[in-house]
Amino acid sequence: MSEDSPGLAHHFDSYEQQKDSATLGMWTFLVTEILFFGGLFAAYGLYRTSYPAAFRAGSHELDITLGCFNTVVLIASSLTMALAVRGGQTGRGKLASVLLVLTMVLGTVFLVVKGFEYHDKFVHHHIPGPSFHFEGPESNHVQMFFVLYFAMTGLHALHMIIGILLVGYVAKRAWSGAYTPQNYNFLEGTGLYWHFVDLVWIFLFPLLYLIGRH
Amino acid sequence: MSVSSHVQPLKTYFGIFGALMILTALTVGAAFINLGPANNFVALAIAVLKSTLVILYFMHVKGNTKLVPVIILSGVFFLFILFLLLAADYGTRGWLGVPGR
C-alpha cells in the first residue's frame with residue numbers, strides 16, 4: 001500500500017487490475033461451488049427419474065407457502081445486498097452497513113422458517129433413518145427424496161450461516177469506512193457469495209417443492 | 001486512479017427484483033397447471049432465466065471483464081459433462097441385461 005494510492009496492493013498496477021483479479025478469484029471459487037452442489041443435483045436428477053411417483057409424494061409433504069415465502073425473503077436479501085455493494089461503490093459506507101445488517105436479518109428469517117420446516121418433518125417422522133415413517137407406497141423411495149431434501153437444503157443452510165457471519169464482518173468494516181470506491185473488493189466478493197447462495201435456492205425451490213402439484 | 005467499475009442505476013436493481021418476483025409467481029403458477037412432461041421444462045427454464053438475471057445484474061457480470069463469463073461457462077460446461085455421463089451410464093444399464101447391473 002503506497003502513500004498516493006491507499007488501498008492498492010503493491011503487486012497491482014492499478015485499482016482496475018486489482019478489482020478484476022479479486023472478481024476473477026471469487027468467480028473461480030464460485031465455479032467450484034457450482035460443481036460441489038452439482039453432485040447433489042446430479043444425484044437428485046438420477047433418483048427422481050428412477051422414482052418419479054415417490055418424489056411426487058415426498059414433495060407434496062413440503063409446505064409450498066413456506067417455500068414461497070422463503071424464496072421471496074431470499075430474493076429480497078439479494079436486493080439489499082446488491083444495494084449495499086452499490087453503497088460501497090459510491091463511497092457511502094454507513095448506508096452499505098445498514099443494508100448489510102438488513103441482509104443479515106432477512107437471511108436469519110430464512111433460516112428460522114427453514115428451522116420450523118425441519119421441525120415439522122421431525123414431528124411427522126420424515127427425517128431419514130430408523131424412525132422414518134411414511135404412510136403410502138414406496139416408503140423407501142420417499143425416504144430417498146427426504147435424504148436429498150435434507151442434504152441439499154442443509155448444505156444450502158450451511159452456506160447461509162457462513163454468509164450471514166461474513167456479511168456481519170463486512171457490515172462492521174463498512175461502518176468504519178473500510179471500503180472506498182477504489183477498493184470495495186471484499187464487499188463485492190461477499191456480495192457475489194451471497195447471490196450465489198440465492199442462485200442455489202432458485203433451483204432448489206422448484207425442484208423440491210413444486211413437483212407434480214397439479 | 002479512476003473508479004474502475006460503472007455504477008448501475010437504482011432502477012436497474014429494483015427492476016430486476018420486480019422481474020424475479022414475477023418469475024417466482026410464474027413458476028409457482030405453472031406448477032399447478034398440468035402441462036405433462038413440459039412442467040419440468042418450464043420450471044427449469046424459469047429457474048435458468050432467474051439465475052441469468054441475478055448473474056448479469058446483481059453479480060455485475062454485465063459490464064465486467066470478459067474473462068468472468070468464460071470462467072462461468074467453463075463451470076457450466078463441466079456440470080453438463082457430469083450430468084451427461086451420469087445419464088448415459090444409468091440410462092443404458094438395462095440394455096445389456098447383465099445380472100446385478
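Among contacts in chain A between residues at least 6 apart in sequence, 76% join residues at least 24 apart; two residues are in contact if their C-beta atoms, placed from the backbone, lie within 7 Å. This is a predicted model, in which local features need pLDDT of at least 70 and side-chain atom pairs count only at pLDDT 80 or more, while totals for chains, interfaces and linings use all residues. Residues are numbered from 1 along each chain as its sequence is written, and chains are lettered from A and ligands numbered from 1 in the order in which they are written.

**Chain A overall**

- Chain A has six helices and zero strands, where helices (H or I, at least four residues) and strands (E, at least two) are DSSP runs numbered from the N terminus.
- The C-alpha atoms of chain A fill a box of roughly 70 × 30 × 30 Å along the principal axes.
- Of its 214 residues, 42% count as buried (20 or more other C-beta atoms within 10 Å of the residue's own, with C-beta atoms placed from the backbone).

**H3(A) against H1(B)**

- Helix H3 (residues 64-89) of chain A packs against helix H1 (residues 10-31) of chain B at an angle of about 165 degrees, with the axes 10 Å apart; axes are lines fitted to C-alpha atoms over the stretch in contact, and angles run from 0 to 180 degrees between N-to-C directions.
- H3(A) is therefore roughly antiparallel to H1(B) (an angle over 145 degrees).
- Residues of H3(A), including Cys68(A), Ile75(A) and Leu83(A), meet residues of H1(B), among them Tyr13(B), Phe17(B) and Val28(B).
- The residues of this contact divide into eleven nonpolar, two polar and no charged; Ala, Val, Leu, Ile, Met, Phe, Trp, Tyr, Cys and Pro count as nonpolar, Asp, Glu, Lys and Arg as charged, and the others, Gly among them, as polar.

Notes
Buried ≥ 20, exposed ≤ 12 C-beta atoms within 10 Å, placed from the backbone. Parallel < 35°, antiparallel > 145°, perpendicular 65-115°, else oblique.
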